[in-house]
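Hi,

Here is the structure I said I would pass on.

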Amino acid sequence: LIRLAASFIATPWARRAPAFRMDIDEALEIRGGGIPRGGAVLVTDEVDASGAWLVAHLLRRALVSAAAGSDADADVESFRRADGAGTASVSPPSQARRVCLVTAEQPAAHYTKTLAKLGRDTRGDLSSGALVVVDVLSRPFRAWGDHDDTTSTSARDGVSACAPGMHQSLAAARALFTSIRRALEGDQGSTAETTTETETHDARRVVVIDDLASALLSVGVGGGVLTLAVDALLRSLLSIPDCAVVFGAHLDCAGERESSTGGWLASAVGVSDCRMDVASLKTGVAEDVHGRVRVTHRTGAFARCSLNTSPNTPPKRYAVAKYRLAETGIHMMRERSAGTIKK
């Protein structure tokens with residue numbers, strides 16, 4: 001027995017735990033490709049188990065995907081060639097897709113390094129405008145359009161339109177929404193819906209907020225209206241054509257009160273199509289396992305439909321997987337999946 005134990009300890013990780021080589025999306029029972037159009041994905045975590053890696057994975061997916069089904073790097077290269085030739089025959093990638101990263105917990109440089117470890121070099125995305133950053137962390141926040149467009153109550157005004165009579169208390173949330181909307185517009189001047197012959201279900205515009213509550217508090221939203229601000233901001237962003245939202249939240253910061261009915265986290269859950277909870281192992285610390293992810297598909301918009309099953313088989317509603325973070329990537333192993341989503 002002693003020799004067997006010594007042999008197990010000396011066995012490399014790759015040979016000892018082949019089950020941890022599952023694809024992240026497969027292990028979590030989530031669909032491949034980009035973020036679904038009109039979808040909202042909530043990632044929660046706790047102090048002992050950060051969910052930043054999962055937010056970064058979803059950010060990477062949004063960057064890689066293209067609305068027309070082509071690779072994002074090919075879109076960027078096509079735009080550069082067209083721009084160099086002085087022709088407008090090829091539309092710039094900003095008209096097809098754009099990802100807006102709202103940094104409220106970590107600076108943009110942190111995500112650049114994290115995405116590099118996941119195999120994505122964001123320098124091309126930043127230079128092409130495919131990735132834009134709204135920074136509410138490292139500098140005083142000043143919204144685009146602070147001195148204009150303040151009286152309109154059209155659907156484009158988002159937050160103020162979603163909460164009649166709450167304009168003053170939600171002014172800071174509206175300023176954040178305006179900045180995100182302007183970032184998505186870029187030099188187009190509009191977030192009007194566009195379609196192509198190669199229509200897909202992936203969103204062309206994706207907003208990724210690393211910490212939703214911190215983002216709103218950083219721009220001046222008061223704690224007394226945080227629940228209203230969360231609901232209004234998310235619904236306003238989802239009202240933008242061809243837009244999807246990925247946002248993070250800390251369960252420790254929210255607490256039981258905000259997680260219950262009437263709290264800002266409960267409000268965020270009510271808007272989300274998929275909830276991913278990153279947590280530590282409750283049985284103690286394991287050297288080879290860093291934590292566990294529980295996925296709850298509330299609507300099925302982000303659920304994975306296996307090619308090996310019948311098209312009429314409904315996707316799973318719940319999935320639980322263990323994960324291990326390593327220099328070589330994120331290692332996953334699905335523990336179980338259960339329930340079905342009725343179409």
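Before the notes, one term: by a nonpolar core I mean a set of buried Ala, Val, Leu, Ile, Met, Phe, Trp, Tyr and Cys residues joined through side-chain atoms within 4.5 Å. Also keep in mind that this is a predicted model.

With that in place, the largest nonpolar core has 43 residues. The ones with the most contacts inside it are Val102, Leu176, Leu212, Leu216, Val221, Leu237 and Phe247. Another core lies apart from it, made up of 37 residues, including Leu115, Ala203, Val293 and Met332.

For the overall picture, the protein chain has 343 residues, and 47% of them count as buried. It holds 14 helices and nine strands. If you take the contacts with a separation of 6 or more, 74% of them are between residues 24 or more positions apart.

Which strands pair with S5? S1 (residues 40-45) does, in the parallel sense and over six bridges, with Ala40 standing opposite Val245. S4 (residues 205-209) also pairs with S5 in the parallel sense, here over five bridges, and Arg205 stands opposite Cys243.

Asp242, in the loop between helix H12 (226-238) and S5, has a positive phi near 60 degrees although it is a residue other than glycine. Asp242 is buried, with a relative accessible area of 4%. Glu29 is not a glycine either, and its phi is positive at about 60 degrees. You'll find Glu29 in the loop between helix H3 (24-27) and S1. Is Glu29 buried or exposed? Buried, with a relative accessible area of 8%.

Then there are two helix pairs to look at. H13 (residues 251-259) and H14 (residues 264-271) pack at an angle of about 90 degrees, their axes 7 Å apart. That makes H13 roughly perpendicular to H14. On the H13 side the contact involves Leu251, Ala254, Glu258 and Ser259, which meet Trp264, Leu265 and Ala266 of H14. By class, that contact has five nonpolar residues, one polar and one charged.

The other pair is H4 (residues 52-64) with H7 (residues 108-117): their axes come within 10 Å and cross at roughly 75 degrees. H4 and H7 are therefore roughly perpendicular to each other. Ala56, Leu59, Arg60 and Leu63 of H4 make the contact with Tyr111, Thr114 and Leu115 of H7. Here the classes come out as five nonpolar, one polar and one charged.

Cheers

Definitions and conventions: Residues are numbered from 1 along each chain as its sequence is written. This is a predicted model: local features need pLDDT of at least 70, side-chain atom pairs count only at pLDDT 80 or more; totals for chains, interfaces and linings use all residues. Side-chain values use heavy atoms; hydrogens and water are left out. Two strands pair if DSSP finds at least two bridges between them. Helices (H or I, at least four residues) and strands (E, at least two) are DSSP runs, numbered from the N terminus. Axes are lines fitted to C-alpha atoms, for helices over the stretch in contact, and angles run from 0 to 180 degrees between N-to-C directions. Angles under 35 degrees count as roughly parallel, over 145 as roughly antiparallel, 65 to 115 as roughly perpendicular and the rest as oblique. Contact means heavy atoms within 4.5 Å. Ala, Val, Leu, Ile, Met, Phe, Trp, Tyr, Cys and Pro count as nonpolar, Asp, Glu, Lys and Arg as charged, and the others, Gly among them, as polar. Buried means under 20% relative accessible area, exposed over 50%, partly exposed in between (1.4 Å probe, protein chains only).
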